[in-house]
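Please read them alongside the coordinates.

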Amino acid sequence: MTKIQEIAQAVEAGKSKIVGGLVEEALAEGLDPVKILNEGMIGAMDVVGEKFKRSEIFVPEMLVAARAMKKGVEVLKPKLAGKANVGLGKCIIGTVAGDMHDIGKNLVCMMIESTGFEVIDLGVDVSSEKFIDALKKNPDAKILGLSALLTTTMPAIKQTIEAVNAAGLTGFKIIIGGAPVTADYAKQVGADGYSPDAASAAALAKQLVA
Ligand code: B1M
């Protein structure tokens, strides 16, 4: 079994205590951090998601797999996120109302920060009022990032954008993402951009403020 397969298996099984060590070993072997993330960890979460869909596992198993992945990401973080040397401004980001998924959003935060933004992470289950409040407190924010992982919480992206517009707040670009979100949906709801993954979200944010 390859080291990447060992990591994937440990994440899938929710073995939080060993994932960090395995990731360290993989890095010491010279494996690419992006490959470890995509093939070892995100790949494992996809398997977990599929098993959940087939009712082979349930929420507690998804939760422990998520915890295990977080341990691995902690070790990878310094390797994935380079040192930012440009002040690109503030980025306010959160997972929308009703949605508790934060692994993807956290990766987006990490990549956006390493691109040179100051990230204000509002966490999960963020109401439109909370986003508006943060934008009012940070009138110099350049990017608003909205993440959603559930088809049932995607409408909260639209509601948030509508509420932000109704509050008359301007001067920033809105980017959205998350597994069920598409570029078409971004156009429909009036977002300035959509990204399928964390690295392209950072590139998009940078491009939008250029
Ligand atoms: Co949930 N869950 N979950 N879950 N969960 C999914 C999303 C699901 C697809 C599983 C499945 O059925 N196959 C399914 C959604 C179905 C749908 O709506 N289409 C689902 C469900 C149904 C649920 C519950 C409703 C289950 C229940 O209670 N019956 C429940 C909802 C709770 C809630 O939010 N209110 C629930 C709960 C949970 C846990 C809490 C147990 C846990 C989350 C823990 C946590 O995040 N702290 C969990 C997990 C772990 C998953 C899966 C297995 C993995 C998610 C993940 O972390 N992926 C997931 C299945 C899957 O995704 N394959 C599933 C890895 C992560 C790196 O990818 O988040 O997609 P992702 O992020 C990517 C991109 O999407 C993008 O970049 C990231 C990095 O490349 N991206 C952005 C994300 N945000 C972005 C923002 C951007 C740009 C890009 O700009 C701002």
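1. Where is the place of H101? H101 sits in the loop between β1 and α5. The model is a predicted one. Through NE2, at 2.3 Å, H101 is the only protein donor of the ligand's cobalt atom.

2. The sheet is open and has 5 strands, ordered β2-β1-β3-β4-β5, with parallel pairing. At its edges stand β2 (117-121) and β5 (193-195); each has a single partner strand, so one side of each is left without a neighbour in the sheet. From one strand to the next, the twist averages 25°.

3. Within this sheet, β1 (residues 89-95) pairs with β3 (residues 141-147) in the parallel sense, over 6 bridges. G94 is opposite L146 in β3. Helix α6 (residues 128-137) packs on the sheet and touches β1 and β3; its direction makes about 165° with that of β3.

4. Helix α5 (residues 103-115) lies across β1, β2, β3 and β4 (173-177). Relative to β2, helix α5 runs at about 155°.

5. On cysteines: a search of the whole structure finds 0 disulfides. C91 is in none, and the nearest cysteine sulfur to its own is that of C109, 7.0 Å away.

6. Are C91 and C109 buried or exposed? C91 is buried, its relative accessible area being 1%. C109 also counts as buried, at 8% relative accessibility.

Definitions and conventions: Residues numbered from 1 in each chain as written. Predicted model: local features only at pLDDT ≥ 70, side-chain atom pairs only at ≥ 80, totals over all residues. Heavy atoms only, no water. Pairing = 2+ DSSP bridges. Helix = DSSP H or I, 4+ residues; strand = E, 2+ residues; numbered from the N terminus. Axes fitted to C-alpha atoms, helices over the stretch in contact; angles between N-to-C directions. Contact = heavy atoms within 4.5 Å. Donors = N, O, S within 2.8 Å, 3.2 Å for Na, K, Ca; no water. Disulfide = S-S within 2.5 Å. Buried < 20%, exposed > 50% of the residue type's maximum accessible area, 1.4 Å probe, protein only.
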